[in-house]
Amino acid sequence: MSDMLTAAFLSALISGGILAGMPLLFASLGETISERGGVLNIGLEGMMLMGGYTGFVVTLYSQSHWLGLLAGAGAGLITALLMVVFCVRLGLDQIVVGIAILIAAGGFTSVLQRAQFGTTYPRLDAMSAVEIPLFAKIPVIGPSLFAQPAIVYVGFALVAVLHWVLRSTNMGLNLRAAGEKPEALDAAGVSVTAVRSIAALSAGAFAGLGGAYMSIVGAGIFVPFMTHGAGFIGIVIAMLGRGRALWVVIGSLLFGMSVSLTTALQLVGITVPIDVVNMLPFVAVLVVLVIFARQAYLPAALGLPYKRGIR
Amino acid sequence: MATVVTDVVSTSRAVVRGASAAKAGTSARWAWLWSLGQAIGPILLALLVSAALLLALGKNPLTFYRDIVSQGLFNKGGIQDTAIRMAPLLLMASGLIVAFRANIWNIGGDGQFLLAAALVAGAGPPLIGALPNALAFVILCVTAVVVGGGWTVVPAYLKARYGLNEIITSLMMTFVGVNFANLLIKGPFRSTTTQVPQTDVIPFKELLPRIPGTRIHVGLVLALIAVFAVHYVMTRTAFGLKLRVLGANPRAAAHAGLSIPRLTIVGFMLSGAFMGLAAAVEVLGVWGYVRADWNPNFGLPLFALVFLARLNALAVIPLVGFYAVISMGGHFAARQAALPDDFMLMIVGLILLFMTLTEYLAGRSERGGYLSAGLKKALGKGGGDE
């Protein structure tokens, strides 16, 4: 195998990993915030679909990718309001509400898509790539890492911000307390409900952004149920990342690469059946879960609604 | 609309019978009405919100719901289709009840179902040709049961051994299972006689026998027997009690000397076995083959029904009947309105959502809810009885 082929292979692997990994990154960052705060968001995938559809429609009509991405995040946030009202405020079962959101959002976006576009799937223009001077000239990783749409850089910047917020600010500390020992947070005079509401809403916004990235930047079209389990992979990445933003990045990109591995393989002449392509990320998740089963960590009060005075 | 309401009322009456038997202790006259409202309320609210969406989309909700009921319930062929659809749904609901009662969240039913379906459809045509039909059916059903149950081993083991969340793992297994089933259908099981990738077809005459005078296959009878058996086992036997104790309070189960990992794995596999059996019944009774990329997605909507029935196997029967009407009639109504079948998925999601809300109201008035005390405790509900 010549050097050219290897370079092309690696380049395709990395850029494909970013393309497939960014939605996972956004979703799992959202889930990380939510889980840290003690809210298990099983409906993540539903919020991604809402963001994906809304972002797609807004981009289609406004011709602005940025407006679409913003609208996607907004749609995820609005969907997450259900989590806030039902789970954080009323203390209802997070799993059942999460599944309800998952089912309802999937059906809802599918119905809207058909009602609006029938059986046609309009395509968006690709979001233009922004080359970072000098870096983009590096062989192999240059074109794949530093010639991406600007939203990718925004995504990585968000990781840095989040890393800082979670580790070094009062907000991050409050969030952790809400997930580990909400009584302590309450005793310190901070509203558990408020902290958890913010956590759940951020999760929705991030998931919506991930879904919008998928439809606007990744695919350029919206197809019902196009997330195809990405939300759940996001949940697993968040679980394995143990609340640390940097681990979440590594996890997302690795899973993204496992998706793009097959496309990259096709470049070197190995064709893989589509079903294997679809199956691979989930096999990867299971293998990782089996190997690191003991390492997965979830906050102590995850999934438990907080009510003052009840232990 | 009126017909929908009467249907819902009759459905809910049966639910109430099941539910009130379960808590004869409270025996208040109003408890009856309360349970009725708790079952009807979420359904009505979901239908109302869906109607609002239909209006917003410029469709007539009355026509839509009338289409559902007239096709799914009052059409001679339609009601038989509805009954036929109930067979796999009842079996899968039984599987969910076994798991949920033991506090095992088996979300991966669709993968267990589809993989079993692929194997039955792959092995069915040659077996049915070579063996007497009855023997072939038994072998195929056993295969499906083993495949469905076997597909739960990984999530069951991970939960039992490491306490890993089975919602995630069983769902991952579903995605793997669905794609694996496709690989089988496009690969070793692929029929050489068709253009589209699918398995060989079992001739219509060789499918499961029909109930005389109808098109309904005996799988429905099997499913009903399974529901009653599950109800009996869960409420009247030591094994059922063990599963319920595990679900109600794992620590109490451990103190009582029960092996939690073993019970978890057995309960999980039993649940998967029902999913497999559902697949066998659907393939051998209705289709006779499986096409690549076929996935009826029976699993998710069933959660709503099983919870609405408060994990009571008998109460599931009318609710599954209701959903079968929605599902078969809805297919027709959706086509008339140029909407996808996923509209029904939305209705079910909304039912589930509103159900948690009625649950909240019920919890406030301390009349109990759809979750067992243990599930509540496990999920940290600050219920009245703690």
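How many residues does the contact take from chain A, and how many from chain B? Keep that question in mind while you look around this predicted model, in which local features need pLDDT of at least 70, side-chain atom pairs count only at pLDDT 80 or more, and totals for chains, interfaces and linings use all residues. Residues are numbered from 1 along each chain as its sequence is written, while chains are lettered from A and ligands numbered from 1 in the order in which they are written.

Select chain A and colour it by secondary structure: there are twelve helices and two strands, where helices (H or I, at least four residues) and strands (E, at least two) are DSSP runs numbered from the N terminus.

Next, show the C-alpha atoms of chain A, which fill a box of roughly 65 × 45 × 35 Å along the principal axes. Of its 311 residues, 54% count as buried, that is, with 20 or more other C-beta atoms, placed from the backbone, within 10 Å of their own.

Now select both chains and turn to where they touch: the contact takes 44 residues from chain A and 38 residues from chain B, two residues being in contact if their C-beta atoms, placed from the backbone, lie within 7 Å. On the chain A side, select α4 (94-117), α10 (230-241) and α12 (274-291), the elements that give two or more residues to it; the largest share, 14 residues, comes from α4(A).

How values were computed. A residue is buried if 20 or more other C-beta atoms lie within 10 Å of its own, exposed if 12 or fewer, and partly exposed in between; C-beta atoms are placed from the backbone.
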